[in-house]
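Trainee: I'd like a close look at one part of this model, please, with the details spelled out. Start wherever you think the contacts say something specific.

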Amino acid sequence: MTKNSELTANKGFDIGEQQIELLEKLCNATAVSGDEHEVRQIVLAEIKSFADEIEVDALGNVLAKRFGSGENRVRVMLAAHMDEIGFMIVKKHDDNLFQFERVGGIDERQLPGKAVLVGRDHLAGVIGAKPIHMTTADERMKKIPVDALRIDLGPEIGDKVKPGDRATFATRFKLHGPSILAKALDDRFGVSMLIELLKHPPANIDLLTAFTVQEEVGLRGARVAAYKFNPDMAIAVDSTPAYDLPHWDEEDENVQYNTHLDAGPAIYVMDRATIADRRLVNLFTRAAEAEGIPYQYRQPGGGGTDAGVIHKTRAGIPSISVSVPSRYAHSAIGLARIEDWENTLRLLHAALSRVTPDLLAGERRG
Amino acid sequence: MKSIIKQLVETPGPSGFEHEIRDVIRDAVADSADEVRVDALGSLIARKGTKTEEGLRVMISAHIDEIGLMVTHVDENGFLRFTNIGGINPLTCYGGRVLFMDGTRGVIGMDSIERGKTPKLTDLFIDVGATDKDNCPVGVGDVCGFERPFLDLGKRMVAKSMDDRIAAAIAIEVLKRLESTPHEIHFVFSTQEEVGLRGATTAAYGVDPDLGFAIDVTRSGDTPRFSPKMATALGDGPAIKVRDSSFIADPRLVKWMIKTAEESGIPYQLEVLEAGGTDGRAIQLTRGGAPAGCVSIACRYIHSPSEMVDSDDVENAVELLVKLLSEPIILD
Amino acid sequence: MNDLVDLLKKMLTAPGLSGFESPIREIIREAWQPLTDELSVSKIGSLHGFKEGQGVSPRKRVLISAHMDAIGMMVTHIQDGFIRITEIGGIDHRILPGQPVVVHGREDLPGVVVQPPGFLLPDSVSDGPVEMKYLLVDVGLPPEEVLEKVRIGDTVSYAQEPLELTGEALAGHTLDNRVSVAATTLCLEALQNRNHNWDVWAVASAQEEETLGGALTSPFEIRPDIAIVIDVCFAKGPGSSDWQSLPFGEGVGLGYGPNIHPALFDAFEKKAKALEIPYHRDLMPKMSGTDAMAVQIVAEGIPCAVLGIPLRYMHTPVETVSLKDIRRAGRLMAAFIADLDDTTLDKINWEE
């Protein structure tokens, strides 16, 4: 119990009003892969008085270093991606309606009947769908293809929107009881936590934070960031789906839940892109147990994070991912718990504080 | 060579969990290598020779990981659901036996599915004989490989993980037999090939070779109704790879390999593999690039628990590699 | 104007499939010899043409990447003198039956791709399009001679001769991407008579169609400050009339999307407007499908621009381009490069 109260006495690991305001700002910002400007500006403003060195690289990654104190410091890279899934306008039709393409993985069944915001000025638009009165039962059993959908910004949109502009769902951030409802929790959660850690870093390490771009279209920013930093180890901080809903057949168990809400930060053992270095899995597990932080293992299987490219960079970098569980990722409204977010931040700090040169001195074994 | 092959194929070590097989190989090369190190992703790199004026820095890559399974869920009755590590065909699973890294053994069972349907991995489960969640010795994140004993049929040999332990055996033997070489050779026993050539990618960056070869198995087109038609066959000699689905071997290197084989009277066959990738790609695309090729062993039933190779092909592969590495390599 | 056609036709006489680029490399080397200060070949066969800039040392570097490799086929099996094939690069098998090809065996053998009659095929394909694994190549020689002259792994290329069509259009195989190599050559020619501050590295890259190998490895060695990737893009035509396709013969494509640095897009757009070179925005919401996918993420990252030459019927033996667009691309690149100076990199930022 002493450990927990020590923890709350430490600044920066509680989620308070300041943190929530920042997350709201981040989630409401538009930053589709390749056009991360809005989030990048927020990040730069937040970290400028806390980082020792800041650079924006050729792809638009924000690379910020904060040096620790003491000898033989381990150089730890943290990566969180600034980009979100969204759309690009590809054609203006004669009726002033806009055809669009998806950027990043979005199930097309999530699109009809949604509100969107287009361009740097966040112009309001809608993705309509045919009135039900004009459909047949057969038709309603088929998906509406993306190239048949249109974004409608009203008849006098004129030249304010053109092909090439990006768009996102229009969802606005909201708190409700223990939950957060917002878009882009993947990965504004990660971005917010990296900012907190830069503000209140563990003193024993050199913190190399990469606010990466283009994760959703192939983990591209992280690759060059890792090459530049060449760290001793890396942690990707992301948000991962919780598919913890009931099976339609009550008799059947949901065995592919990936993670559960309320069960704490999700530590990755294996996803499709990375087999985590066990030494880092153990680091996080032990830190969680020592500090009484709830945690879960993300079910091994699919998906990937920035760690997927980081660990294969140069001659290899021991890596792991840790994520906040969130329902309905890559749709208009994600849902997560404030407490899971807070516990993830606490766990990150707890684990980072326990990093020593001995951690990776031996061979990787499993 | 059969005893080292047996030891290698029977040691568990799916991608990411290669520590045991690495220990076996480390012992096997201790006396023949000049220097041994382990890199960040766990690949074992054994150096032999120093570069002379007419020599090159050469990387040889044989991957030591095998395909396997990782537990994703333990249900109330102690049955385990799993995901794949590397390419697993559900058809090869049902009734198979598995060996976990901690020694626990089990059987792969299957949900009752519709007649005539092919099972998916999610229709399968592992039964280790537990009766409920609490007395189950393994949990989420634990890893197993298939378990089958090595089978010596004389000319042919059968085992699980001939892909790619047969290559590790070949590399170990080449290291032993190589008396002199103008090259600085880095024998990379690479990890995590089955999940995307990851170990070879980082090892190649670290070694920074002038040139390299992978050693791997390739499909053999000599079984009934094999499609698409493939000209490789067991017993026709080590295969000199022209291409696979991950890279195109440097034609100058292929030419040199053919020349060496012909001049030394070593039988060989040419290989075009339409579906399957190897560490050769990782060598070819590292840093500023490096000419890469591959010596392949024709293999039947790849990624099943009973992969079959020909022992003369294996012996000839060793001879070919020893020949290739004993002399200057001239590309034109 | 005939020079361009001659250059292209010359480049189309050589095969040079992905991984086997030697023949085309030699032709490009000859063309670039008088236009560059130094020529070298990368470890995996890309051609590097270095032209020194006139600025004060240390000079910045711009890399031009135009892939020189071609798609084609490879011998997988020989049966009774008939040859079975697989693809190198992406080929729609529906365009293959009846195609004239060359089998590059111990000598070059003319042949034709053959669709066997239905009764010799499995039921699943006897009526519909026949997949490549069931097609055959007939070189018209007795089986023993075929076995002497042809081997597993030999390459097979399209044999279609280039055709000059009306309106300065040219049709043939492998215009993807020899037209870009031609445009790069025109750019190097234009730079003979202009000052350029920066060093120029013209790269005829290898293996784009298979592994993007050249695009991954050459920039690692050269470490340019910016890169221009030039490739073909889709031109409007039958079956390809939607937003991904640009009008035929009416200007170059300027790539726009995550693969392209927006400041470079802006710089190229500005230049095109200033010179009244027609262009169209070529939207690439995710990836560009060009060398830029690799170049952008080499080492610490390289800002890229993507130029496109609109082309119809991509990856068939009758690809069609407008010579006007090739010239436009060459001109635009030369003008852009001539403008590069000490202030350029400051403007390539993310502060927009």
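Trainee: Which side chains of chain A and chain C meet in a salt bridge at 3.4 Å, N to O?

Mentor: That would be A:Lys91 and C:Asp242. A salt bridge here is a side-chain nitrogen of Lys or Arg within 4 Å of a carboxyl oxygen of Asp or Glu, and the rule finds 1 of them across the interface of chain A and chain C.

Some ground rules before we go on. This is a predicted model, where local features need pLDDT of at least 70 and side-chain atom pairs count only at pLDDT 80 or more, while totals for chains, interfaces and linings use all residues. Residues are numbered from 1 along each chain as its sequence is written, chains are lettered from A and ligands numbered from 1 in the order in which they are written, and side-chain values use heavy atoms, with hydrogens and water left out.

Now for the setting of that salt bridge. In the A–C interface, 31 residues of chain A are in contact (heavy atoms within 4.5 Å) with 28 residues of chain C. Chain A and chain C bury about 2,400 Å² between them, and carbon and sulfur atoms give 56% of that. Buried area means the accessible area (1.4 Å probe) that two parts lose on being put together, summed over both. On the chain A side, A:Ala58, A:Arg220 and A:Tyr227 supply 23% of the area buried against chain C, more than any other three residues.

There are also 9 residue pairs in polar contact between chain A and chain C, both residues at pLDDT 80 or more. A polar contact is a pair of N or O atoms within 3.5 Å; within protein, one must be able to donate a hydrogen and the other to accept it, and residues adjacent in sequence count only if both atoms are side-chain atoms. As for where the chain A side comes from, α3 (37-47), β4 (86-92), β5 (97-103) and α5 (220-229) each supply at least two residues. Helices (H or I, at least four residues) and strands (E, at least two) are DSSP runs, numbered from the N terminus. The largest share, 5 residues, comes from α5(A). By type, the side of chain A that touches chain C divides into 11 nonpolar, 9 polar and 11 charged residues.

While you're in chain C, look at C:Gln207, in the loop between β12 (199-205) and α5 (213-222). Its phi is near 60°, a positive value in a residue other than glycine. Most residues other than glycine have a negative phi, and most peptide bonds are trans. C:Gln207 counts as buried because its relative accessibility is 3%; buried means under 20% relative accessible area, exposed over 50%, partly exposed in between (1.4 Å probe, protein chains only).

One last check, on confidence. Chain A has a mean pLDDT (the predictor's confidence in each residue, from 0 to 100) of 94, and 97% of its residues reach 70 or more. Over residues 1-12 of chain A, though, pLDDT stays under 50, and the model has 11 contacts for them beyond four places in sequence. Where pLDDT is low, the predicted coordinates should not be read in detail.

Methods
Ala, Val, Leu, Ile, Met, Phe, Trp, Tyr, Cys and Pro count as nonpolar, Asp, Glu, Lys and Arg as charged, and the others, Gly among them, as polar.
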